[in-house]
Amino acid sequence: MVHTLQSFIGGRWQGKEAATALHSALDNRVIYHTHAEKLDFAEAVHYGRKTGIPALMKLDFQTRAQRLKALAMYLMERKEELYSISHLTGATRPDSWVDVEGGIGTLFAYASMGSRELPSSNVLHEGPAMALGKRGGFSGTHILVPRGGIAVHINAFNFPIWGLLEKFAPSFLAAMPCIGKPASATSYLTEALIRMINDSGLLPEGSLQLVIGSTGDLLDRLGGADVVTFTGSADTAAKLRSNRNLIANSVPFTAEADSLNCAILAPDVTPDDPEFDLFVKEVQREMTTKAGQKCTAVRRIIVPRLHADAVAEKLRERLGKVVVGDPSVEGVRMGALASKDQQRDVAERVAQLAQGNEILFGGAGSLKLVGEGVENGAFFSPTLLLCRNALTNDAVHDVEAFGPVSTMMTYDSIDEALELAARGKGSLVSTLVTKDPATAAYAVPIAAASHGRVHVLDREASVDSTGHGSPLPQLKHGGPGRAGGGEELGGIRAVRHFLQRAAVQGSPTMLTAITGEYVRGGAVKEGDIHPFRKTFEDLAIGDSLLTHRRTVSEADIVNFGGISGDYFYMHFDEIAAKDTQFGKRIAHGYFVLSAAAGLFVSPAPGPVLANYGLDNLRFITPVAIGDTIRARLTCKRKVDRNRTDDKGRGQGVVAWDVQVTNQNDELVASYDILTLVSKRA
């Protein structure tokens with residue numbers, strides 16, 4: 001019996017009646033149906049707003065990061081279930097790895113970044129605060145807060161797991177309930193993922209809903225607090241973006257569209273260089289991974305005219321070794337396209353590209369398949385074309401065959417190569433293979449204007465390079481123009497996309513209360529207990545210590561120079577120092593730092609366990625022999641990461657604002673100290 005997929009809307013699975021048949025990419029047999037029942041999108045939106053948002057807002061950034069990590073661990077333990085279904089999409093095990101473990105790895109990455117970079121609250125201070133008045137009573141800053149809306153994520157067929165999770169992770173951290181809508185052709189894999197997530201019980205109710213089939217009037221029900229993200233074709237992106245309701249309510253819309261990405265072989269590389277083989281290998285891999293069904297795949301191969309024949313020969317050699325067929329058969333390296341519709345579409349696009357160009361490899365009737373029953377599958381031969389007039393041939397820069405298809409084009413100068421790259425009208429990624437740093441320094445800024453990511457490959461990078469076609473959670477994914485003009489991933493930048501930024505003005509004391517982070521000039525709390533003697537729970541933002549004074553002597557400078565080995569003339573040569581802007585010898589900046597620590601540190605064992613870094617260090621006013629310094633230490637920020645030591649005692653991170661001043665109350669050094677502080681037993 002063929003299973004009917006269900007949507008998960010309003011906290012329940014919906015759909016029983018079979019509708020559109022979904023076919024195995026390998027042999028075209030019917031494996032699932034979408035459901036025929038129309039969904040009540042008013043219910044979906046209401047459920048997200050009234051159930052999902054309050055449930056997520058009960059957690060803070062740190063707690064949501066922990067939930068992401070727990071979910072990633074849960075899914076990783078059950079990944080083989082997902083691999084077994086992914087096989088039906090025509091993907092090989094390495095193809096599925098990108099989707100399955102790549103998606104789960106993205107959850108891990110955002111859990112880690114969230115725990116390191118986000119606060120234990122739902123207000124993210126985007127400082128520093130700045131004084132807006134001369135007397136210090138009025139300041140301004142920026143904060144980022146949850147939008148109070150829902151995120152609708154519309155995904156393409158090629159990555160039914162990664163495509164959802166890479167959007168879900170940052171929006172979940174930002175406390176936005178998600179409605180995911182996968183492309184129907186491979187939606188059965190997304191449905192399996194959502195069932196697994198629901199079974200985990202790790203997400204707050206209403207965090208994630210699933211739409212199988214059409215989005216109906218969903219976009220018409222969104223408001224200004226909501227967000228829409230889309231991955232797919234540029235044409236569909238344009239259609240969705242022009243939805244009247246989205247325009248009327250200024251609903252943020254982010255598109256990541258397919259694009260004619262390119263790989264450039266720089267003119268400094270010859271067939272005798274390792275970079276030449278790296279280029280050919282990279283292009284072949286991008287043509288055949290996921291059967292070329294990646295929005296980042298290399299569609300245009302830009303090579304020096306002098307080396308075109310050599311590149312073509314090596315590419316044909318490598319493509320000829322690619323075994324195509326059922327991925328479960330030993331030795332198969334490329335599977336099928338996602339559907340017969342996709343197969344027909346790619347064939348039509350290849351026919352367009354072939355007009356006026358040469359087919360160097362592939363083409364009709366050239367494919368030999370491996371496996372049982374695969375003759376009915378959605379397979380397509382790796383196809384390499386050659387365009388000798390790329391500056392005047394518009395088709396190679398406009399038509400995309402979303403499969404294992406690339407067009408090689410020639411150039412006579414690096415400027416011509418860059419012009420050809422830009423003819424794609426905006427792409428997600430370009431690769432430049434060069435052995436010359438000067439070539440990279442010249443070419444990359446030009447290429448960056450029309451590509452969202454520039455991957456520079458040489459023999460040094462090759463040992464670790466993740467490749468042309470691999471978006472990483474830490475780096476931005478997206479591109480200008482045809483590529484959609486949007487941004488995804490990029491570390492915590494992606495979380496910020498789902499938050500609302502607001503400017504806040506007020507007194508430093510008020511800004512401290514609002515941001516949960518001490519703002520200089522605000523009220524401080526001094527007491528009889530040294531701040532370093534307080535446990536994490538007992539510390540409050542603004543707890544402060546103003547130290548005793550210390551006068552800097554010549555002996556201090558001499559001794560510090562002897563210990564550090566720093567005999568810079570500004571500290572030891574009276575005559576040379578007189579000719580500088582300071583007019584005299586000054587103390588080492590790092591002596592001032594050390595002396596300040598000696599002033600504010602409480603030396604006995606206590607809750608402060610470790611100092612693991614400084615942020616924002618600045619030496620502002622020089623300290624001369626005879627100057628007197630003191631320090632103010634203030635609890636600036638607390639982040640409860642819910643960690644424990646080997647004895648089971650809880651820990652948190654505290655950032656301390658340090659201001660070192662001289663006898664004239666001038667600021668001489670400014671920085672933040674980060675410490676690990678234990679909780680009560």
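**Charged pairs**

Guide: E358 is partly exposed, since its relative accessibility is 34%. This is a predicted model. The partner of E358 is R388: their side chains form a salt bridge, with N and O 2.7 Å apart. The two come from distant parts of the chain, 30 residues apart. E358 belongs to strand β17 (residues 358-361), while R388 sits in the loop between β19 (383-387) and α12 (395-398).

That loop also holds D394, which forms a salt bridge with R423. The closest N and O atoms of D394 and R423 are 2.8 Å apart. R423 lies in the loop between α13 (414-422) and β21 (427-433), and the pair spans 29 residues of sequence. D394 is partly exposed, at 46% relative accessible area.

In total the structure holds 37 salt bridges. Another of them joins the side chains of E275 and R459, at 2.8 Å from N to O. E275 is in helix α9 (residues 274-288) and R459 is in the loop between β22 (451-457) and β23 (476-477), so this pair ties together parts that are 184 residues apart in sequence. What is the relative accessible area of E275? It is 1%, so E275 counts as buried, the cut-off being under 20%. R459 has a relative accessible area of 43% and is therefore partly exposed.

Charged residues can also be linked in a network: salt bridges connect E126, R496 and R501. As background, side chains with opposite charges can pair when their charged atoms come close.

D640 is part of strand β29 (residues 628-644), and its side chain makes a polar contact of 2.9 Å with that of K679. Leaving aside residues up to four places away in sequence, D640 touches Q62, S120, F536, Q651 and K679.

Strand β13 (residues 253-257) is mostly covered, with 5 of its 5 residues buried. β13 pairs in the parallel sense with strand β12 (residues 227-232) over 5 bridges, and A255 in β13 is the bridge partner of F230.

Key: Residues are numbered from 1 along each chain as its sequence is written. This is a predicted model: local features need pLDDT of at least 70, side-chain atom pairs count only at pLDDT 80 or more; totals for chains, interfaces and linings use all residues. Side-chain values use heavy atoms; hydrogens and water are left out. Helices (H or I, at least four residues) and strands (E, at least two) are DSSP runs, numbered from the N terminus. A polar contact is a pair of N or O atoms within 3.5 Å; within protein, one must be able to donate a hydrogen and the other to accept it, and residues adjacent in sequence count only if both atoms are side-chain atoms. Contact means heavy atoms within 4.5 Å. Buried means under 20% relative accessible area, exposed over 50%, partly exposed in between (1.4 Å probe, protein chains only). Two strands pair if DSSP finds at least two bridges between them. A salt bridge is a side-chain nitrogen of Lys or Arg within 4 Å of a carboxyl oxygen of Asp or Glu.
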